[in-house]
Amino acid sequence: MKQSIAILIVVFSSPAWACSFARTTEPFEVNGPGSIEPRRTEFEVAEIVRGSDDGNPHSCSDAGVITLKALDPPAETGFIFEVVKGEFEDRLFTEEPITPADFKEPGEFTFIWLDGSSYEQGPFDIVVQVTPISRTGNVGEPTTLNVSHPGTKKPWWRFW
């Protein structure tokens, strides 16, 4: 009995069974030194990847990814992202200002959500407001960005 429990613990606690992602954004420290005024920054949708079913229930294939890119990213500026119009199936953004993680391109923000392990994904159409903020806490003029995806249909040849 003890051996069976030990085997189950080893099998189900294996890191190969888990899905994990590196942090794609970092918290932006407000109340720090600096005098740069935040400026309005235009963004574009760089990429949208929808979740799918790769047959492995322990993989990360069910994750959706949205990458937004600042067209001319200012120095020493954080951004607050929020959905201001439309509905999204999961919480995509935090309420705190962020910057891209060190391994990302400057101005490239990647957001991950659990989209579902399915061949079919519903459409979404949201408006995202992006507000710049300086280290001293000054808030700049926000910009809005339409983020949408038509969804995906099950392939015609898939009967299950």
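A word on classes before we start. Ala, Val, Leu, Ile, Met, Phe, Trp, Tyr, Cys and Pro count as nonpolar. Asp, Glu, Lys and Arg are charged, and the others, Gly among them, are polar.

Keep in mind that this is a predicted model.

Second largest pocket to begin with. Its volume is about 180 Å³. It is lined by 14 residues. Pro74, Thr99, Pro100, Pro106 and Gly107 lie nearest its centre. By class, that lining has seven nonpolar, three polar and four charged residues. Where does the lining come from? β4 and β5, which is 98–100, each supply at least two of its residues.

Now the largest pocket. Here the volume is about 300 Å³. The lining has 18 residues, and Arg23, Thr24, Thr25, Thr94 and Thr110 are the closest to the centre. Which classes do they fall into across the whole lining? We get 11 nonpolar, four polar and three charged. Strands β1 (25–27), β4 (77–85) and β6 (108–114) each give at least two residues to this lining. So much for pockets.

Step back to the whole chain. It has one helix and eight strands.

How much of the chain is buried? Of the 160 residues, 35% are. Contacts next, counting those with a separation of 6 or more: 73% of them join residues 24 or more positions apart.

Last, the surface. The chain exposes about 10100 Å². Carbon and sulfur atoms supply 55% of that.

Notes
Residues numbered from 1 in each chain as written. Predicted model: local features only at pLDDT ≥ 70, side-chain atom pairs only at ≥ 80, totals over all residues. Heavy atoms only, no water. Helix = DSSP H or I, 4+ residues; strand = E, 2+ residues; numbered from the N terminus. Buried < 20%, exposed > 50% of the residue type's maximum accessible area, 1.4 Å probe, protein only. Contact = heavy atoms within 4.5 Å. Areas by Shrake-Rupley, 256 points an atom, 1.4 Å probe, with all protein chains shown as cover. 1 Å grid on protein atoms, 1.4 Å probe; cavity = no way out; pocket = protein on both sides within 12 Å on 5 of 7 lines; lining within 4 Å. Points joined across faces, edges and corners; volume = space filled by probe spheres on them.
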